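Welcome! Let us walk through this structure together, one region at a time.

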Amino acid sequence: MDIWRPGFVRASLAEVLDAGALDAFQPAWLTQEEPPYTFLADPFGIVGENYTYVFAERLDYRDRRGTIEVLKFDSLMRLMDRRTCISEPWHLSYPVPVHCNGEDYLLPEAHRSGGLHLYRAIEFPDRWERMARLDLPLSAIDATPMFYDGLWWLFHGRPHAPGGELHVAYAETLLGSWRMHPQSPVLIDPRGSRPAGQVATVRGKLVLPVQDCSRTYGGAVRPLWIERLDPDSFEGRLGETIQPPACLSPFIDGLHTLTACGDITLFDVKRIDRSLAGKLAGFRGKAVRAVQQSALLRAGTPRR
């Protein structure tokens with residue numbers, strides 16, 4: 001089983017990409033290591049006036065149902081508070097923050113629910129309401145939105161796509177209607193077909209961190225430099241891999257999130273637990289998830 005752990009470096013995403021590595025920036029952990037068979041992953045941050053808020057997936061392999069937690073840090077990145085902020089009957093992960101029209105939203109990965117649901121903050125940072133379903137032409141994983149050149153864009157992978165596929169959709173508003181880009185999938189390549197963090201602007205160019213899954217799931221991260229993006233055309237170029245830092249051993253088996261958060265960059269790395277106890281916990285979790293998924297299908301997918 002993959003055990004993930006989130007960390008950060010005191011360097012901007014631009015500095016990390018220039019260096020091509022995290023090692024030079026003294027990587028540090030965001031939290032203590034989680035209890036056995038559990039992990040914290042997919043960190044995304046919002047920088048406030050006095051605090052930094054990090055949203056992340058927490059998962060226990062014994063039920064395999066991820067929830068979203070919010071972690072509150074002071075200016076020295078000391079953890080001040082941590083609590084669950086979104087929990088559903090289905091698995092949640094990859095909680096991308098979105099700011100639109102003066103409001104804060106989260107868009108977590110939720111394809112096992114049968115859709116993609118947008119949550120609005122009713123009391124930031126720990127009270128959120130599910131307020132809309134984004135209707136996309138394809139089932140989406142790790143959906144990553146951005147506003148660019150007068151349109152909303154959504155980069156996403158596709159579940160169970162052989163070889164991996166990176167798709168792009170666009171809309172006039174965050175709620176849609178969403179249309180697929182005519183070149184979608186814009187990339188079919190296990191080295192970069194699944195988003196790994198928010199789109200950022202680096203030296204005047206758009207860059208989307210993507211997972212390199214050619215060796216293992218979440219093995220490394222690459223920058224996808226977006227050289228052209230409009231409703232008719234897309235051009236992108238994959239950069240070199242960024243590997244998990246050797247100094248974070250034993251969490252050196254993978255790196256699958258790299259995202260800008262003000263003057264710091266967030267990431268998560270993994271170690272692979274090959275123990276018998278870990279395998280048994282994983283088997284139990286698969287059985288529990290299968291039962292939960294069956295119950296969801298019988299109840300019907302939420303539409304609001």
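## Before we start

A residue is called buried when its relative accessible area is under 20%, exposed when it is over 50%, and partly exposed in between, using a 1.4 Å probe and protein chains only. With that in hand, D42 can be called buried, because its relative accessibility is 5%.

You are looking at a predicted model, in which local features need pLDDT of at least 70 and side-chain atom pairs count only at pLDDT 80 or more, while totals for chains, interfaces and linings use all residues. Residues are numbered from 1 along each chain as its sequence is written, and side-chain values use heavy atoms, leaving out hydrogens and water.

D42 sits in strand β3 (residues 38–47). Strands (E, at least two residues) and helices (H or I, at least four) are DSSP runs, numbered from the N terminus. Although D42 is not a glycine, its phi is positive, at about 55 degrees.

Y94 is another case: this residue is not a glycine either, and its positive phi is about 45 degrees. Y94 belongs to strand β7 (residues 93–100), and it counts as buried because its relative accessible area is 1%.

## A hairpin and an open sheet

Let us turn to strand pairing. Strands of a sheet pair through backbone hydrogen bonds, either parallel or antiparallel. Here, two strands are said to pair if DSSP finds at least two bridges between them. Strand β9 (residues 116–123) and strand β10 (residues 127–134) run antiparallel and are joined by seven bridges. A hairpin of three residues connects β9 to β10, and L118 lies opposite A132 in β10.

Further along is an open sheet of four strands, in the order β11-β12-β13-β14, with antiparallel pairing. The edges are β11 (141–148) and β14, each with a single partner strand, so one side of each has no neighbour in the sheet. Between β11 and strand β12 (residues 151–157) there are six bridges in the antiparallel sense, and M146 faces W153 of β12 as its opposite residue.

## Two cis peptide bonds

Where does S177 sit? It is placed in the loop between β13 (167–171) and β14 (179–180). The peptide bond that joins G176 and S177 is cis, with omega of about 20 degrees.

A cis peptide bond also links S184 and P185, with omega of about 5 degrees. P185 lies in the loop between β14 and β15.

## Strand β17 and its partners

Is strand β17 (residues 205–212) largely enclosed or largely open? Seven of its eight residues are buried, so β17 is largely enclosed by the rest of the structure. Strand β15 (residues 194–195) pairs with β17 in the antiparallel sense over two bridges, and P195 has V210 of β17 as its bridge partner.

Strand β16 (residues 200–202) runs antiparallel to β17, with three bridges joining them. V202 stands opposite K205 of β17. Two residues lie between β16 and β17 in their hairpin, and R203 in the turn has a positive phi of about 50 degrees. Strand β18 (residues 220–229) also pairs with β17 in the antiparallel sense, over seven bridges; in this pairing, L206 stands opposite I226 of β18.

## R271 and its neighbours

R271 is part of strand β21 (residues 264–272). It counts as partly exposed because its relative accessibility is 23%. Which residues does R271 touch? Leaving aside residues up to four places away in sequence, the list is M1, D2, I3, E33, P250, F251 and D253. Contact here means heavy atoms within 4.5 Å.

R271 and D253 are 18 residues apart along the chain, and their C-alpha atoms are separated by 5.1 Å. The side chains of R271 and E33 are joined by a polar contact of 3.4 Å. A polar contact is a pair of N or O atoms within 3.5 Å; within protein, one must be able to donate a hydrogen and the other to accept it, and residues adjacent in sequence count only if both atoms are side-chain atoms.

Our last stop is L276, found in helix α2 (residues 276–299). L276 counts as exposed because its relative accessible area is 61%.
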